Protein chains: 2
Amino acid sequence: MLPFGLTEYKARLEKTKESMSDQGIDVLLITNPANMNYLSGYDGWSFYVDQMLIVISDEDQPIWIGRKMDAKAAEATTWLYKDNIIPYPEDHIQNDLKHPMDFIAKILTQIGQSKRKIGVEMGSYYFSALAYEKLKSNLPNAQFSDATLLVNYVRLIKSEKEIEYMKRAARIAGIGMQAAVESIQEGVRECDVAANIYSGLISGTPEYGGDYPSIVPLLPAGKNTSTPHLTWTDRKYTNNEMVLIELAGCHQRYHSPLARTVSIGKPADKALETSKILVEGLNTALDKVKPGITCEEVELAWNTVISKHGISKDSRIGYSIGLNYPPDWGEHTASLRKGDHTVLQPNMAFHLIPALWFEDYGIEITESFRVTETGCEVLTDFERGLIVKDHLQAII
Amino acid sequence: MLPFGLTEYKARLEKTKESMSDQGIDVLLITNPANMNYLSGYDGWSFYVDQMLIVISDEDQPIWIGRKMDAKAAEATTWLYKDNIIPYPEDHIQNDLKHPMDFIAKILTQIGQSKRKIGVEMGSYYFSALAYEKLKSNLPNAQFSDATLLVNYVRLIKSEKEIEYMKRAARIAGIGMQAAVESIQEGVRECDVAANIYSGLISGTPEYGGDYPSIVPLLPAGKNTSTPHLTWTDRKYTNNEMVLIELAGCHQRYHSPLARTVSIGKPADKALETSKILVEGLNTALDKVKPGITCEEVELAWNTVISKHGISKDSRIGYSIGLNYPPDWGEHTASLRKGDHTVLQPNMAFHLIPALWFEDYGIEITESFRVTETGCEVLTDFERGLIVKDHLQAII
């Protein structure tokens, strides 16, 4: 059932231990579900309760600790020995008197790790302020440090197999986008378009299926295209409105996001003009990408184009992508923005999202790409431009 | 666009302030997206970055603080004055040098709230250990206390309008379950069943659409029915295996979960027997529900039935449900389990999930219900039993 060979998991673990050593960490407590999956294979929707993968510098295998009813999911999806899968009792779930971190601290103490240098993912969604307080009070002799992005940075450069999964995800993204573009029209409900998108994203292709993306389809319409993160309602689309569609294909938890903008009826001149500028900037940024270039140089290439047209944008134009779980498909490491000096290397992968949101409308046209030996390869494959649904469909 | 009238939001806010007063809290910093929505109406997939709703005991309106590009989503979905919607700059996103909590602390200081008694949701998914550290270091004169479930407890008893949304969600859950039961069969891929479920859950009914549930459809099959939180793959179902289906209908972010178990081909005798015991226990627990009974008494009614058959279960058999966002549709307040002395009151709502997971298989047959004046009303409506897909479909 494992999506990668044992060699690949062990290489990931070795790289993680090297980073731990560089950062003076003996014991790494991993709560980010993507990082847990990356190192162990663990895959289940159980991150809504406390769970953890523990990497100890001088131990061969990580230890999985989670809720009792999820232990069999760990047996089914990881490469870990059964002895390294430790369940905590069910009465620790949402109980004021017993916190899973009390149990975990006890285990760490039992196995002689309570006085060591312990790295925790302070900024992880699933490591609450309460979890940290519980750990600290139970392990008074440990020395804690923040290792939020330690494993995320190991994930930055993808293997060939990871890229293969992202290419599949990109093909699935195209299927979802096609379903959206075909079904958006006057009189159709937003929820029915969302249902069609989901159907495409989850069925995937006849050769490989789709997994759930870490973010649901985002579908702001009309005036709400001025903001990116609204979902859908059961309202019907009207003529002469625009719709943003941001989605991702997902396969084996690897993502390739893609966004397009649809105009129902003839678009306003300014929207049309803006979309052309956006595509010009997008293409210029893609042309800039190659190993040795920094993230901020890619943004600068984009920025030079839009500045020429009198447009400014203060948000980043891209971020590293790959393996992930809700609520985000971004890796939280490299961003394509001013001040990010990350040097591009082959098989880094990004969602390039030079979207523009104005006072009363917005345009999103995005691509997912990987860095190659000499430039970049766009993973997603969909007509790049504003899509007009005006009786006859057209891409402008 | 608001799903509730202003009077209802204001009543919720008043109850929240009463709880704050009881707990000696002047300023409540709300980061749980369900709690933000409950009090303000805010609805967007933006909880993957720091955001907050601030309730101040002596101020009429809450303050929303979030990312700049999401401010228009707050204008579009909340009842707050524009002045109470405060964006933080885009360069605070995933930036080691600038944390959104630095910005929020500055605002709290500017408006004279930096030396007060501040409640924070320590156990919320989206209030990281790092966020708490940043707040504490920026507000050294504030007095912090844990208010994780303060608003969750205000949510415990639903209004008539909330129950109406949950009934719609329950009808949608039935549509999703019907899609699952119809499409599961030998040779069909798990992902294609998941796609059909999604299509049903998101389209909803002709009268009202579906929203995204806070948990994706859970579909463990075969030996993996011994654990509940696995999703799906692109493997094909084989004959003589069982499938657990746990899903929820969602409408206006209100959930009604529902689970059933399907046997492809004739079920094993023990599975059939267990499912009958489970339904007997489920019915007995439902019969027990009425105002004045405690949560643990409902569990005891179930437990008496299964003990008689020599079965034991250490996990809870239900939890409060309603409004929610990923990663969980449970409210984290009342649980149907030993030791929970919460007294049932009309319009509390629960997912009753007396599922049984054994060494090599499991059975899930669940219902969502609300407490009425005299007993309980089951919201979901689907044949209650093990579903056999054996050429002719049958419910046993």
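## Briefing: helix packing and backbone details in a predicted model

In this predicted model, Gln94(B) counts as partly exposed, with a relative accessibility of 23%. Its backbone deserves a look as well: phi of Gln94(B) is near 45°, a positive value in a residue other than glycine.

**Positive phi angles**

- To find Gln94(B), go to the loop between strand S4 (85-88) and H4 of chain B.
- In chain A, His332(A) also has a positive phi, of about 70°, although it is not a glycine.
- His332(A) sits in strand S10 of chain A.
- Is His332(A) buried or exposed? With a relative accessible area of 19%, His332(A) is buried, because the cut-off for that class is under 20%.

**Cis peptide bonds**

- In chain A, the peptide bond from Pro326(A) to Pro327(A) is cis, and its omega is near 15°.
- Pro327(A) belongs to the loop between strand S9 (318-321) and strand S10 (330-335) of chain A.
- In chain B, Pro326(B) and Pro327(B) are joined by a cis peptide bond with omega of about 15°.
- Pro327(B) is placed in the loop between strand S9 (318-321) and strand S10 (330-335) of chain B.

**Helix H5 in chains A and B**

- Which residues of H5(A) are buried? They are Ala129(A), Ala131(A), Tyr132(A) and Leu135(A).
- These residues cover an arc of only 160° around the axis, so they are on the same side of H5(A).
- The cover over the buried residues of H5(A) includes S1, H4, strand S5 (117-120) and strand S6 (143-146) of chain A, together with H5 of chain B.
- In chain B, helix H5 (residues 129-138) has Ala129(B), Ala131(B), Tyr132(B) and Leu135(B) as buried residues.
- Looking down the axis of H5(B), you find its buried residues within an arc of 160°, so they line one face of the helix.
- The partners of the buried residues of H5(B) are helix H5 (129-138) of chain A, and strand S1 (27-30), helix H4 (100-110), strand S5 (117-120) and strand S6 (143-146) of chain B.

**How H4(A) meets H5(A)**

- Helix H4 (residues 100-110) of chain A packs with H5(A) at an angle of about 35°, and their axes are 9 Å apart.
- The crossing in which H4(A) passes H5(A) is right-handed.
- From H4(A), Met101(A), Asp102(A) and Ala105(A) meet Ala131(A), Lys134(A), Leu135(A) and Asn138(A) of H5(A).
- Sorted by class, this contact of H4(A) with H5(A) has 4 nonpolar, 1 polar and 2 charged residues.

**Around Asp26(A)**

- Asp26(A) lies in the loop between helix H1 (6-22) and strand S1 (27-30) of chain A.
- At 21% relative accessibility, Asp26(A) counts as partly exposed.
- Leaving out residues up to four places away in sequence, Asp26(A) touches Met20(A), Val55(A), Ile56(A), Ser57(A), Arg116(A) and Lys117(A).
- Asp26(A) and Gln143(A) are 117 residues apart in sequence, while their C-alpha atoms are 9.9 Å apart in space.

**Annotated domain**

- An unreviewed UniProt entry carries the annotation "domain: Peptidase M24" for residues 164-373 of chain A.
- The span of residues 164-373 of chain A is 32% helix and 21% strand, and its end C-alpha atoms lie 16 Å apart.

How values were computed
Residues are numbered from 1 along each chain as its sequence is written. Chains are lettered from A and ligands numbered from 1 in the order in which they are written. This is a predicted model: local features need pLDDT of at least 70, side-chain atom pairs count only at pLDDT 80 or more; totals for chains, interfaces and linings use all residues. Side-chain values use heavy atoms; hydrogens and water are left out. UniProt positions are given in the numbering used here, feature names are shortened, and annotations may be inferred rather than shown by experiment. Helices (H or I, at least four residues) and strands (E, at least two) are DSSP runs, numbered from the N terminus. Buried means under 20% relative accessible area, exposed over 50%, partly exposed in between (1.4 Å probe, protein chains only). The arc is that of the directions from the helix axis to the C-beta atoms. Contact means heavy atoms within 4.5 Å. Axes are lines fitted to C-alpha atoms, for helices over the stretch in contact, and angles run from 0 to 180 degrees between N-to-C directions. A crossing is left-handed if the near helix is turned anticlockwise from the far one by less than a right angle, and right-handed if clockwise. Ala, Val, Leu, Ile, Met, Phe, Trp, Tyr, Cys and Pro count as nonpolar, Asp, Glu, Lys and Arg as charged, and the others, Gly among them, as polar.
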